[in-house]
Structure formats: C-alpha cells, structure tokens
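Welcome, and please open your viewer. We will take a short walk through one model, selecting a few places along the way.

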Amino acid sequence: MQTLTTQAELDAFCTRAQGYPYVTIDTEFLRERTYYSKLCLLQMAVPGENEADAVLVDPLSSEMSLEPLYRLFRDTSVVKVFHAARQDLEIFWNDAEIFPTPLFDTQIAAMVCGFGEQVGYETLVRKIVKQQVDKSSRFTDWSRRPLTEAQKIYALADVTHLRGVYEFLKAELERSGRTAWVVEETQSLTDPAIYDVVPSEAWRRVKTRTNSNKFLAYLRELAAFRESYAKTRNIPRNRVFKDDAMVELASTKPTTQEDLSKSRLLLREARKGDIAEGILNAIKTVNAMDADSYPRLPKVNDKLQVNPALADLLRVLLKAKSERSDVAQKMIASTAELDALAAGQRDVPSLKGWRMDVFGSDALRLCEGKVGLAVKGNKVKLFEL
C-alpha cells in the first residue's frame with residue numbers, strides 16, 4: 001500500500017496514469033472547521049491488480065503540490081471516474097478552478113442503469129463487484145497523522161472497487177445506447193455557478209416564515225455579510241452567526257452594540273468587534289434603502305396555476321416510464337417539473353434531450369389531451385383520445 005508524499009511521486013503516478021483509458025479518484029476531507037473543504041487525502045487507481053496500481057496521496061505533506069493531478073485532469077484521453085463527484089469537484093474548483101475532463105460519475109450512471117435514485121457506493125460494490133466495504137473508518141478525522149492501517153485500507157477501497165463498478169456500468173451503457181445520457185447529465189457538475197455562492201443571493205438558503213419585503217431586505221444584507229466574512233476568513237458560516245440568530249436580527253433590527261447584547265441567539269463573539277460592526281452596517285444599509293430595492297418573493301397570484309388532476313396523471317405516467325426504461329424517476333423529472341408542466345410551462349429539462357424520448361413526448365400529449373392513461377393488471381398504458 002503506497003502513500004505518495006511528494007510532488008515527484010505524484011508526478012510519476014499521474015504520468016503513468018496517462019497511459020491508461022481511465023483512472024478512479026476519491027477524496028477524504030473535513031469541513032467542520034472551515035468554509036472551504038480541507039482536502040486531507042486523495043486516492044487514485046488505474047486498471048490492474050498490482051499494489052502499484054492504487055495509491056494514497058497525502059496533500060497535507062509540505063512537499064506535495066497537486067499540479068501533476070491537474071495535468072492529468074486536462075488530459076482528455078483518460079476518463080476520470082468518481083462516485084457522487086460533486087463534493088470532490090468543489091474541492092478542485094476552489095483550489096485551482098479546474099474540472100477533470102472527461103468525467104464519469106458512477107452514481108449518475110447507476111441511476112441510468114436501473115440501480116435507483118442516488119445509489120450509494122457500498123450498494124454498487126455489493127451488487128456489481130460482490131464485495132463488502134468496511135465502514136469502520138467512515139467517521140474519522142482524516143487530517144490526523146499518521147493514518148492507521150485500517151484507515152488506509154478503507155480509503156483505498158473507495159477507488160479499487162470503483163474500477164469494477166465503472167467497467168460494468170460503462171459496458172451496460174454501451175449495450176443500452178445510453179452513454180450520451182450520462183455525458184449530458186455529468187455536464188451539469190462542471191458548471192462553476194453551482195460551487196460559487198454569491199453573497200447577495202445567500203439569503204435564499206435561509207428558512208423563514210416571514211415574507212415581508214423589508215424583513216427580507218434585512219435578511220439579504222445580513223446573509224451577504226455573513227457569507228463574505230466566512231469566505232474571506234475560511235470559517236464556517238455558523239461560526240459567524242447561525243440562521244436562527246440571523247432571523248432574530250432581521251426581526252429586532254439592532255442599531256447599537258447594546259442592542260446586540262440583548263440578543264438571545266447571537267454568539268458572544270458576534271456581539272463585538274468586526275462581526276458586530278458588520279451586523280450593524282447591514283441594518284444601517286437597509287434603513288437607508290429605498291423600498292424599491294427590497295427583495296420580493298412571488299405573489300400568490302404569480303405562482304403556478306397547477307391543474308392538480310393533470311399533475312397527478314403526470315406522476316402516474318412518470319412512474320410508468322421510469323419502470324419501463326429502468327431509469328430513476330428523479331433523474332427523468334422532478335415533482336416541481338411535473339407541476340410546471342401541469343401549469344402550462346414548457347421550458348423544463350424533461351422536454352429536452354434524452355428525457356424527451358423517454359418521458360417528455362408522451363407527457364406533452366397527455367397535457368394536450370391527445371392521450372389518456374389506462375391500467376391493465378399492474379401496468380399503465382397510453383391510449384389515443
């Protein structure tokens with residue numbers, strides 16, 4: 001079991017990996033104490049059964065640079081295989097603004113191949129490779145050194161078994177002619193917008209029951225300050241102040257440090273210094289703001305006018321199409337999309353690309369009253385009207 005601790009060692013492995021059709025990759029990281037995920041371990045494997053074909057990479061080593069890995073990412077002749085890649089990709093994007101190309105996500109591929117919604121790695125290994133994954137080191141502090149033998153074995157299994165999972169799913173996709181489907185789905189993972197949080201939009205993630213435009217303006221400014229503060233200092237948002245404290249501040253609108261001292265939910269550290277100043281400035285900004293600048297949620301009348309009966313029929317159709325195509329329902333269309341269709345909207349993903357063939361075309365015919373649904377035994381069938 002090899003652990004690479006220098007850039008030269010990583011460079012040698014990545015150079016060797018460029019001679020193979022694919023490489024499997026996984027990461028171990030921590031995020032409890034930082035805004036950005038802290039990469040603690042990198043696992044890589046190429047096809048083969050030798051010990052040298054799978055390695056651990058220690059990015060915490062002072063002699064380690066990930067530039068050889070990023071060179072491999074840019075090599076389009078080698079497929080980079082991950083399972084549930086989003087969090088891994090976020091690390092690489094934040095570190096070097098790079099995505100691996102081409103990318104293959106086995107979780108996405110599994111949904112296309114009939115393994116259900118968001119299937120876990122352990123399930124795929126058990127069903128495809130016929131192996132069990134040791135979960136004993138799942139909840140561990142990967143930043144501590146030295147790593148135990150059990151931790152190394154656990155981490156390496158995330159890429160060694162992944163080779164067999166990838167080869168099986170790749171063959172299934174080629175057999176069914178659905179390779180392009182996975183390529184289409186994977187493209188969304190390499191959109192920088194999903195990894196870059198815009199501070200002025202951070203308020204939309206905060207749950208609140210109050211829809212007052214002025215209240216939302218306070219929430220927007222407070223959330224924007226918290227996001228910027230946490231990002232520049234690389235600390236978790238909740239270390240600045242928690243969501244419930246933010247909602248309280250948007251309600252009480254403190255204007256002095258004495259007002260802040262009366263907060264029930266604000267952390268002690270946030271009642272003074274830079275955080276306190278940021279909170280008070282956010283409140284001051286809204287107090288000086290014209291009402292036209294307040295954020296606005298859609299009015300009740302602006303919301304979708306959903307035909308509930310049609311929405312129910314679309315759900316039945318989706319279930320039938322999912323079972324027939326052996327593709328997870330969630331991957332074909334979301335509940336929100338079905339409601340949009342039932343409200344007359346047509347600019348939805350389920351009416352584009354491969355989804356149009358699997359579900360969209362018949363969904364449109366159902367919406368237009370050209371077909372109906374009938375049940376025969378335990379199967380749902382379409383009939384012309």
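In which helix does arginine 324 lie? Select helix 13, residues 308-325, and you will find arginine 324 there; helices here are DSSP runs of H or I with at least four residues, and strands are runs of E with at least two, both numbered from the N terminus.

Before going on, note that this is a predicted model, where local features need pLDDT of at least 70 and side-chain atom pairs count only at pLDDT 80 or more, while totals for chains, interfaces and linings use all residues. Residues are numbered from 1 along each chain as its sequence is written, and side-chain values use heavy atoms, leaving out hydrogens and water.

Stay with arginine 324: its relative accessible area is 57%, so it counts as exposed (exposed is over 50%, buried under 20%, partly exposed in between, with a 1.4 Å probe and protein chains only).

Next, select strand 2, residues 22-30, where eight of the nine residues are buried. Two strands pair if DSSP finds at least two bridges between them. Strand 2 runs antiparallel to strand 3 (residues 38-45), with seven bridges, and threonine 24 has alanine 45 as its bridge partner there. Strand 5 (residues 79-82) runs parallel to strand 2, with three bridges; look for valine 23 opposite lysine 80.

Last stop: select cysteine 40. This residue is buried, because its relative accessibility is 0%.
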